[in-house]
Amino acid sequence: MIQKSILFNFCVVVFLVTILSCAQEIVEKPQELTLSEGFKNPTGFYNAKPTFSWKLPVSEQIKSQSAYQIVVASSKELLPDNADLWDSKKQKSTQSTFVKYQGKALKSRQKVYWQVRYWNQDEKASDWSETNYFELGLLNNSDWQAQWTGLDTAKDSIKGVRKFLMHRPQYLRKGFELASDVVSARLYITAKGVFDVHLNGKDVSDDVMTPGWTPYNHRIETLTYDVTELLQAGKNALAVELASGWHSGRISRGRALYENFASPKILCQLEVVLKDGSKQTIVSDESWRGTTNGPIRLASVYDGEVYDANFEIPNWNTAAFDDSNWKSVEVEAIAKDVKLAQKRHHIVKNQIVLNDVEIVSVKENTSVFNMKQNMVGVPRVKVPMKKGDTLKIRFSEMLLKDNTFYTKNYRSAKSTDYYVAAKDGVVEYVPKFTFHGFQFLELSGYDKNAKPEASWVQGIVQHSNFEKNGTFTSSHDKLNQLQSNITWGLRDNFFDVPTDCPQRDERLGWTGDAQVIAPTALFNYSTHAFWTAWLQSLRENQSEHKNGLVPFIVPDVLQNKNGGSGWGDACVIVPWDIYNITGDVTVLEDSYESAKKWVGYYQSKVRKKPYIPIMHSFGDWLQPYPSKSLKKGNRGDTPKELINTAYFAHSAHLISKIAGVLGKTDDEKKYAALYKAVANAFENEFFDENGKFKQERQTQTSYLLGIYLELFQPETKLKAQNHLLEEIKNADYHLGTGFLGTPILPKVLDDMGEIDLMYKILFKETYPSWFYSINQGATTMWERWNSFSKEGGYNSQSMNSLNHYAYGAIGQWMYERIAGLASLAPGYQKIRIAPLPNTEFLTSASASVKTPYGKASSSWKIENDSFKLDVVIPPGTSAEVHIPYGNKDNLLENGSIFTENSNLKLMSSDDNSVIILAEPGTYNFQTKL
Ligand code: RAM
């Protein structure tokens, strides 16, 4: 008996111990599941062949992944054991990002569920992740039963600035009945123009300027909304406000680009599943009714909005409204050759509200407000008005000396909003179908008896809806201001497409500007999807040109027949940067043919001398102190043939590298040979045997391009480096570079070991330098190094944007080398933490980035003659940590003398630096200066 109970107790203990040890061995499930370029559980997804990504949890137990399994099913209940769409089975692989779906073909509207698990470095399986899902949007034109619908507003012949046709905004509606309660409903919608849609009087979304901007003659993006909650049994109403936007506004230059000044139209399809299982579909067609007698009288991207409250139509967007005296609409069939495609990146939304507003001046019935930040978006005004009066809202980026507005740089953009009051009292107004670039706002026409208050005005900042991805900060106020100016410059110019500027009569997707800023943008914001969406537009516009030309701007509303070196190369450089920063090979696959065609374009322009293309270039745009006069000087002094040849070689070189990644060995060799041949021609044509640029007027950029793009023989490179140093010295350590030279200057000096020199240039206070504009009051990056000075005022040229991001490309070096955080293998699978402190200017700097594997950071400070470095390395990666002072014998790790262990291996150590290979984890290093 006793023996039995002992045996029983023993069994219980064994059982408990087993349970407990199993519990300890549970490996935490994967986290932050995303689809393709970072989408989280999207409704209305664009891609039936997505990729899957997940992150390993941060935990002592988890260093890396040895295998994974993904299961995909048509219903939640089938997971994880009965995946009917795809079971990847256990795959021995460290890949946790961008794993391609290889299951059954997916269809429009399909809702798909997925889970993933992984095995850690010790082959222990994790729990299954949470169940994630995605629902596809409408993928084919044939999914649409709707027709393009709207009023003919072209026939009103309203002429605006420069006699461009303007279209009165339309109010379109359709009342319908639903036989029973709704189980689910999706609204698929888009416009030739921009729209705001309501169901039963409620806003369907808070999206802004939908559907955004694509080359509309190739592809129009459509949106999908889950509107189940907005519908009811019985009477309903679908109502749309519609304005010109990009499609039918003068930004598209009206050169018969989009169907001859076509009037804006909507396309929408509401698909409802009712309780009884039946389906009902309401589409835009000839049964809709419309009017142009609504309150938004006019709206234009460049020129602003006119709102007259006297035209308000109470309840027009509800079911009860009687539209019998509205007009019948016109309809147009869907064209076969214009692709309707679900939007592939996040739409613009209101992001921040600037409340800290200051009144600058009040004169009679006019007052000026300062937002204290150059911003992009719309104001929200709450102002006392008298019935019938017109409130006028003007904008400017900066003021003139007498506090009046500097608007010469808006050029022909009127950028003015009007609000006509229908009654006495406080009115609230937020323009809907325009946006402005401004720091200052002027109100006039409000109630004369009212005393202006700062609270009358707020600034609503709008940009594409991406998240913050990185942070950078340091001990130096001006460097921090530079980081702030860079990030504002990005936000302000990512308005559905990457624009050059957000305020004047331009706001276009200039390819050169995009090419130089992409890496910095990817550090600071999650812009993976934003860029790949724009690259699709680029390819669509390129395809119009049989010789491979990439237009200067995308979407190409200029319809220019010229391609520019350093600009068109965006089709090669941006995909390569995205790949290196995200590790997503899809962008290389998608861009490969386009990149090759662009190099073909260079080849087609080689006429007189082998490998020297004769073609258009904007040169080293806006290089300071040009030898030519005014406008001609904008192209700088580096000759365009040199720039053509340099980028011809560079693009060929990158294609060779891309071919290597994609396993296309023949192309890899072919383009490597082409690159070498062009590089050779570059050196022989433009540089003498002393590595000196053959032109009398020397330029920093000629050397920078040759060195950075690896176009010199090794001995010539050394000589060219010395000439570059000479040039920089001649400029008294100032910048002598424009759009193309500036981004590569830090990389070249870094590679030369000229770190102190780079710091000296970066921390220069006088023109031309980064801090110069900060000293003149800049809160964003400026188009020119001397857009404004306190003594001399504004640059005399009207092309003078105070919100232009190109020179913000220094941001990449700030992350990678000042704070010291860089991707060493695509997507940060290997990280380099290698800060380059300079004690003359800085005592600390830090950066963090959300890598595809999780958060990584590098943070250093100098205190009491010690250098301290904190690093965070996410699971699934490893890092080379370069400690720039001390040696292995005086290095402390977490307060104790450094010794190698399973997480930290010494790679090298000399008298004043140590390099350690670190596994995932959080570490603190300290050494003596
Ligand atoms: C200007 C744009 C842009 C630049 C081109 C060459 O009009 O603002 O920044 O790329 O010219």
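Phe45 has Leu136 of strand β9 as its opposite residue. The model is a predicted one, in which local features need pLDDT of at least 70 and side-chain atom pairs count only at pLDDT 80 or more, while totals for chains, interfaces and linings use all residues. Residues are numbered from 1 along each chain as its sequence is written, and side-chain values use heavy atoms, with hydrogens and water left out.

Strand β2 (residues 43-45) runs parallel to β9, and two bridges join them. Strands, like helices, are DSSP runs numbered from the N terminus (strands: E, at least two residues; helices: H or I, at least four). Two strands pair if DSSP finds at least two bridges between them. Strand β8 (residues 111-120) also pairs with β9, in the antiparallel sense and over four bridges. There, Trp114 stands opposite Asn132 of β9. Strand β9 covers residues 132-136, and four of its five residues are buried, so the strand is largely enclosed by the rest of the structure. Buried means under 20% relative accessible area, exposed means over 50%, and partly exposed is in between, with a 1.4 Å probe and protein chains only.

## A sheet of three strands

An open sheet of three strands has the order β1-β3-β7, and its pairing is antiparallel. Its edge strands are β1 (31-35) and β7 (99-100), each of which pairs on one side only. Strand β3 (residues 51-55) is joined to β1 by three bridges in the antiparallel sense, with Phe52 of β3 as the bridge partner of Leu35. Strands of a sheet pair through backbone hydrogen bonds, either parallel or antiparallel.

## Domains from the UniProt record

The feature "domain: Alpha-L-rhamnosidase concanavalin-like" is placed by UniProt at residues 362-461. UniProt positions are given here in the numbering of this model, feature names are shortened, and annotations may be inferred rather than shown by experiment. In the model, residues 362-461 are 0% helix and 57% strand, with 25 Å between the end C-alpha atoms.

UniProt gives "domain: Alpha-L-rhamnosidase six-hairpin glycosidase" for residues 468-818. This span is 53% helix and 4% strand, and its end C-alpha atoms lie 20 Å apart. The annotation "domain: Alpha-L-rhamnosidase C-terminal" covers residues 820-891. Residues 820-891 are 0% helix and 57% strand, with the end C-alpha atoms 18 Å apart.

## A buried glutamate

Glu241 is part of strand β19 (residues 234-243). Its relative accessibility is 7%, so Glu241 counts as buried. The side chain of Glu241 makes a polar contact of 2.8 Å with the side chain of Lys432. A polar contact is a pair of N or O atoms within 3.5 Å; within protein, one must be able to donate a hydrogen and the other to accept it, and residues adjacent in sequence count only if both atoms are side-chain atoms.

## The ligand and its surroundings

The residues around the ligand are Asp500, Arg504, Glu506, Trp510, Asp513, Trp567, Phe618, Trp621, Phe739, Glu783, Met799 and His804. A residue is near a molecule or strand if one of its heavy atoms lies within 4 Å of it. The shell divides into six nonpolar, one polar and five charged residues. In this division Ala, Val, Leu, Ile, Met, Phe, Trp, Tyr, Cys and Pro count as nonpolar, Asp, Glu, Lys and Arg as charged, and the others, Gly among them, as polar.

The distance from a ligand oxygen to an N or O atom in the side chain is 2.8 Å for His804 and 3.0 Å for Trp567. For Glu783, a polar side-chain atom is 3.5 Å from an oxygen atom of the ligand. On its own the ligand has 290 Å² of accessible area, and the protein covers 96% of that. Accessible areas come from the Shrake-Rupley method with a 1.4 Å probe; for residues, only the protein chains shown count as cover.

## Strands toward the end of the numbering

Strand β48 (residues 878-883) has five of its six residues buried, so β48 is largely enclosed by the rest of the structure. Four bridges link β48 to strand β44 (residues 830-833), and the two run parallel; Val881 of β48 is the bridge partner of Ile833. Strand β52 (residues 913-918) pairs with β48 in the antiparallel sense over five bridges, and Glu880 stands opposite Leu917 of β52.

Strand β53 (residues 921-928) is joined to strand β47 (residues 866-873) by eight bridges in the antiparallel sense. Thr922 in β53 is the bridge partner of Val872. Strand β49 (residues 892-893) also pairs with β53, antiparallel and over two bridges, with Leu892 opposite Gln926 of β53.
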